[in-house]
Amino acid sequence: MNIAERLKPATLPSGIRGNPRGLAGFWAVENSRDAIFVALKRRETFGTSGPRIVPRFFADWEYPNDMCVQSSMIELAYENGVPMGGDLAARPKTDTSPKFIAAAMLDPAKDATPLKKLQLIKVWLDAEGRPHNEVHKIAGSPDNNASVDIDTGE
């Protein structure tokens, strides 16, 4: 599927009208078999069931507060932290909280739907091995004119 193609509603095998065209992606240094397998192994992956976004996510204990205005933000993020899917090193001090960089670019199609919000889904296992998850809103606003017509998918 071309990234610029618009999503159209469809009927899922369950009979529910919806969008069955989810997209899984990953960050590779080039479009080669070796680079793709390296990207999958380091788990720098993402998924979306809506617009074809281009997301980035990094974590570190000591990113500077002005990181997002740095012209070499992505290079610095790799150099000093870990990308999405990576394992953050152990907490260096008890009074330190991790810092995150999250970004998403709009689908490049000229008539793409504006992004409504960006969410982080945190998943973990508790001490007994039971899975848990939390959805955290990172960015977005209900008044940014982004919408989806539930009947048509437009």
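Predicted model: local features only at pLDDT ≥ 70, side-chain atom pairs only at ≥ 80, totals over all residues.
**Exercise 1. Search the whole structure for aromatic pairs, and classify each.**

Step 1. The search finds two aromatic pairs.

Step 2. Take Phe 57 and Phe 100. Their ring centres are 5.4 Å apart, with 25° between the planes. Planes under 30 degrees apart count as stacked, so this pair is stacked.

Step 3. Locate the partners. Phe 57 belongs to strand S5 (residues 54–60), and Phe 100 to strand S7 (residues 99–105). The two are 43 residues apart in sequence, so the pair ties together those parts.

Step 4. Check accessibility. Phe 57 is at 17% relative accessibility and counts as buried. Phe 100, at 48%, counts as partly exposed.

Step 5. Turn to Phe 58 and Tyr 78. The centres lie 5.0 Å apart and the planes stand at 80°. The edge-to-face class needs over 60 degrees, so this pair is edge-to-face.

Step 6. Locate these partners too. Phe 58 is in strand S5, while Tyr 78 is in helix H2 (residues 73–80). The pair links distant parts of the chain, 20 residues apart.

Step 7. Check accessibility again. Phe 58 is buried, at 1% relative accessible area. Tyr 78 is partly exposed, at 33%.

**Exercise 2. Identify the residues that lie over the faces of Trp 27 and Trp 124.**

Start with Trp 27. Arg 56 lies over its face, at 3.6 Å from the ring centre. Then go to Trp 124. Here Lys 122 lies over the face, at 5.1 Å from the ring centre.

**Exercise 3. Describe the surroundings of Gln 119.**

Step 1. Gln 119 is part of strand S8 (residues 117–125).

Step 2. Its relative accessible area is 42%.

Step 3. Leave out residues up to four places away in sequence. Gln 119 then touches Val 135, His 136, Lys 137 and Ile 138.

Step 4. Compare sequence and space for Gln 119 and Ala 139. They are 20 residues apart in sequence. In space, the C-alpha to C-alpha distance is 7.1 Å.

Methods
Residues numbered from 1 in each chain as written. Heavy atoms only, no water. Phe/Tyr/Trp six-rings, centres within 6.5 Å; stacked < 30°, edge-to-face > 60°. Helix = DSSP H or I, 4+ residues; strand = E, 2+ residues; numbered from the N terminus. Buried < 20%, exposed > 50% of the residue type's maximum accessible area, 1.4 Å probe, protein only. Lys NZ or Arg CZ within 6 Å of the ring centre and 35° of its normal. Contact = heavy atoms within 4.5 Å.
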